[in-house]
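Please look over the sequence and the model below before reading on. The notes that follow are meant for someone meeting this structure for the first time.

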Amino acid sequence: GLWANRLDLSYSQLLERYRNNREEESSQLLLDHSTMVTEKALQARRIDLILDNAASELIADLHLVHTLLQYSRELKAVLHCKAVPYYVSDATVEDVEATILFIKQSPRAELRHMGRALSRWIERGSLVLSEHPFWNGPLHFPELSSDLKRELGRSDLVVLKGDLNYRRLLGDRRWDPATPMEAIVRYFPTALVTLRTTKSELIVDLPREKVERLEGDDPRWLVEGRYGIIRYCDPRCSDGARNSIT
C-alpha cells in the first residue's frame, strides 16, 4: 500500500524510472514502523483508512483491507472517501464501488475472489464506505469537526494515506525536521499510522544530520516520491516521543 502512493497522476512520468531502476525498498524507507503497525492492526477491532488516490493505489488499499478482514471476523474497516475529488485523482465512494466491480470481473481468479469478498463485507457492514464534508474542505486536521473527531476516536487505528493527508496532519507547516510527530498531533483522538511517499517539502521525525546527508545526495529528495514513510504514532501515550526519532 505504501509504494502504490507513487501512482497519482502528477507522478505518472516517474513510473518507468522506478520500474527500470528499482532500489531495495527497505533502503528507501526513511521511517519504518511496519512491525508495530502490523501488531496494532492485528489487535484492532476497528481500523479507519483515510484514502488518497483512486485507480492502482486504491486497488492496493483494497488489498490491504481484504487481508485485514480475512484475518479477523470481528474487525470493522471504514474507508473515508472524498465526496468529490479534492484533486483530480482522489478516491470517492463511486470510485471504490467501481473498483470493486472491476476487480470482480478480473481474469485473475485471486482478484475475483477478493472483489467478491469485499462486496460481501460491505453487505454485512464489516466494510463501510464513508464520506464527510471535512475531507473536501480547506481546514487541516487540528481543526477536525467535532463529529468526525468523535467518529475517528472510536477507531483503534487510523491509517492516513498519501502526501496531502500527511501535510494536513501537520497543519501544512514547515516544521524543524527533527520535531517528533507526537509533539504536533496531540489533538488526534486515537492511534494513527501515516503511509506516505515524499512529494512535498515537509517532513518531521528525522535527525538533522540525516536530512543534511539526504540533501547532499539529492537536493530533490523530498519532492520526487523516491522515499517512503511508515510512521506509527499514538498521541494518547505521553512517553511516545522518546522513541520517535530513528
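What follows is a short briefing on a predicted model, arranged by topic. It begins with one threonine and its surroundings, then turns to aromatic rings, to charges over rings, and to cysteines.

- Thr-190 is placed in the loop that runs between helix 7 (162-169) and strand 6 (192-197).
- Although Thr-190 belongs to a loop, the residue counts as buried because its relative accessibility is 0%, where the cut-off for buried is under 20%.
- The side chain of Thr-190 reaches the backbone oxygen of Ser-155, and the distance there is 2.7 Å.
- Once neighbours within four places in sequence are left aside, Thr-190 is in contact with Leu-152, Ser-155, Asp-156 and Val-158, and also with Asp-234, Pro-235 and Arg-236.

**Aromatic rings**

- A pair of aromatic rings is described by the distance of the centres and the angle of the planes.
- Searching the whole structure gives five aromatic pairs, and one of them joins Trp-135 and Phe-141 in an edge-to-face arrangement, with 5.8 Å from centre to centre and 75° between the planes.

**Charges over rings**

- The charged end of Arg-196 sits over the ring of Tyr-166, at 4.1 Å from the centre of that ring.
- Arg-168 lies over the face of Tyr-86, and here the distance from the ring centre is 5.6 Å.

**Cysteines**

- A disulfide is a covalent bond between the sulfur atoms of two cysteines.
- A search of the whole structure for disulfides finds zero.
- Cys-237 is in no disulfide, and the nearest cysteine sulfur, which belongs to Cys-233, is 8.8 Å away, whereas the cut-off for a disulfide is within 2.5 Å.

Terms used
Residues numbered from 1 in each chain as written. Predicted model: local features only at pLDDT ≥ 70, side-chain atom pairs only at ≥ 80, totals over all residues. Heavy atoms only, no water. Helix = DSSP H or I, 4+ residues; strand = E, 2+ residues; numbered from the N terminus. Buried < 20%, exposed > 50% of the residue type's maximum accessible area, 1.4 Å probe, protein only. Polar contact = N/O pair within 3.5 Å; in protein donor to acceptor, adjacent residues only side chain to side chain. Contact = heavy atoms within 4.5 Å. Phe/Tyr/Trp six-rings, centres within 6.5 Å; stacked < 30°, edge-to-face > 60°. Lys NZ or Arg CZ within 6 Å of the ring centre and 35° of its normal.
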